[in-house]
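Please examine the structure shown below.

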Amino acid sequence: MADAMVERLRANLRSAGIEVDEADLNGMVEKGFLRSIQAAEEAVRTFSVELVPDYLKPWGDAAVARTSAPRESLAIPHIPPRPGFPSLVELAEHIYSREVSPVEVTRGVLERIAQRDPVLNAFQVVLADEALAAAREAEREIAAGNYRSPLHGVPLAVKDLYAMRGTITTAGSKILADWRTDFDAAVVERLKDAGAIIVGKTRMSEFAYSPGSNNAHYGPTRNPWNLEHDTGGSSSGSAAAVADGLVYGALGSDTGCSIRTPAALCGIVGIKPTFGRVSLFGGVTLSWSLDHAGPMTRTVADGAVMLSILAGYDPRDIRTRQVPVPDYAATLGEGVQGLRVGVLHDDGSGEPLGTPEVLAAWRAGVAALGVAGAELIEIDLPLLNELRSINSAVIAAEAAAFHQPLLQSRMQDYGEFPRQRLLSAYSHGPTGFVRAQQARAAIRGKLDQIFQQIDLLSTPSTLYGAPPLGDPSRNTWFMSPFNSLGWPAVTVPVGLTAEHLPIGLQVIGQPWDEATMLRAARVVEADGPWPGGTPES
């Protein structure tokens, strides 16, 4: 099978006009990229060829009726302070009451970035002059009584995947190293409209195509909890910047794990909203049908505030839906009394759900939900294992389609890891993409039924703690299936490994119901086993 797949790969690359050498072919085999293609082909064999593919399904329409009412205005939620760096919500209260100045806060943030970023490598570019100018404008507006939102005057960072007017957007690549745009991505527009201060753009794995921070052009990003360990990918810099107190929140993107893995490995909160909830206009794509944009913050309340501002219909992105957007922070205190929480028991892999210390921390976090009044229900979801392979197959096909012109003309300008991963997509047969989408539709139809039994689902966030620096290990086991399903998911910290590295718990919600999911995450955060503190404490 392996030899036949390699020959098919050679033939498909020749047909596409892409030259490949033996070193890259051997690298694809050694890194296991072809095994993932083979796993996907095996996963789809049991599904009928008569199924309608997933990309023809009207996404999310049936769920619109059960969403909550639209937000009218956003208030700063009153959340008890936590030890460590001030949270976004805490800072917002001080800015609103004019106890602190946005200029003063921004200067402090820029000073900390100057001290810490040479160690962490979290920022692609720091926009000091622009940030200070925006902070001065925010100060004037707030003094005049024009307070825009809880983000007004708050320093944030943007993953270097999103276009920002007047700046270069590299997407972690050499190929886009000179791509300066005269427009903002939709998520950047929303942050600016809310009065946020964008202090810089963060490092990422090249073209977002790695679960680690490995980047041949700009180097890896170090984990603030242990500088010899990785942050995960691809939103590496955003996770490190938030965890280390360089900013109060940051934007990430998530196609198979890229918000939640680095958030979990760095001990922060990462939210992947429902597919279509947040516009991706102006973001460099990895996979059109799997990409999500979302916030990365130190607390659930901070993430809820950011999500309420980022979410909403955008006619420039056909994936978004005209679904009401609630004030997520307003309902965080409602708790989980009476909610049915599915606790994953069997994921179909036949493997443990994590290391013993990961499982102990996760179960303690789940137990906090039970103490708070939720009904805990063990649930088997063996289809998750097939969905992992299908998610990888869809990413590969869509990423290869996006990158083919560049692979034809500038292949050697890619780093080795993303180049070989992209090239391996050409080992798919001619029906591979459609068959994957047929299987995806069938599995979605079956898994949608679990919400007759439960309201929320919980899994560990990762199998183990942060790997050694630059290691692109696939610590994404429980994340990628929910990209294929489009369901919202959040990771919240619940413990530390023996090496003092964070452990996360994942909560998955029903489509368009991030509010209930975040209520549960808030209970885990407040009452679970997370010891609190920061990398420095």
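**Aromatic rings and helices**

Ring pairs join Phe451, Phe482 and Trp487 into a cluster. Here rings of Phe, Tyr and Trp (its six-membered ring) pair if their centres lie within 6.5 Å; planes under 30 degrees apart count as stacked, over 60 as edge-to-face and the rest as tilted. The model is predicted, with local features needing pLDDT of at least 70 and side-chain atom pairs counting only at pLDDT 80 or more, while totals for chains, interfaces and linings use all residues. Residues are numbered from 1 along each chain as its sequence is written, and side-chain values use heavy atoms, leaving out hydrogens and water.

By the ring rule there are eight aromatic pairs. In one of them, the ring centres of Phe207 and Tyr414 are 5.7 Å apart and the planes stand at 45°, so this pair is tilted. The pair links distant parts of the chain, 207 residues apart: Phe207 is in the loop between β3 (197–202) and β4 (222–223), and Tyr414 is in the loop between α12 (383–410) and α13 (416–424). Helices (H or I, at least four residues) and strands (E, at least two) are DSSP runs, numbered from the N terminus. Phe207 and Tyr414 are both buried, where buried means under 20% relative accessible area, exposed over 50% and partly exposed in between (1.4 Å probe, protein chains only).

Trp225 and Trp530 form an edge-to-face pair, with 5.8 Å from centre to centre and 70° between the planes. This pair also links distant parts of the chain, 305 residues apart, with Trp225 in the loop between β4 and β5 (226–230) and Trp530 in the segment after α16 (514–527). Trp225 and Trp530 are buried.

Consider next the individual helices. The 12 residues of helix α3 (residues 33–44) should span 16 Å at 1.5 Å a residue, and the end C-alpha atoms of α3 are 18 Å apart, which agrees. The expected span is 1.5 Å times one less than the number of residues. The buried residues of α3 include Phe33, Ile37 and Val44.

For helix α11 (residues 356–371), the 16 residues should span 22 Å at 1.5 Å a residue, and the end C-alpha atoms are 22 Å apart, which agrees. Among the buried residues of α11 are Val358, Trp362, Val366 and Leu369. An α-helix has 3.6 residues a turn, so residues three or four places apart point the same way. Just after α11, Gly373 adopts a positive phi of about 110°.
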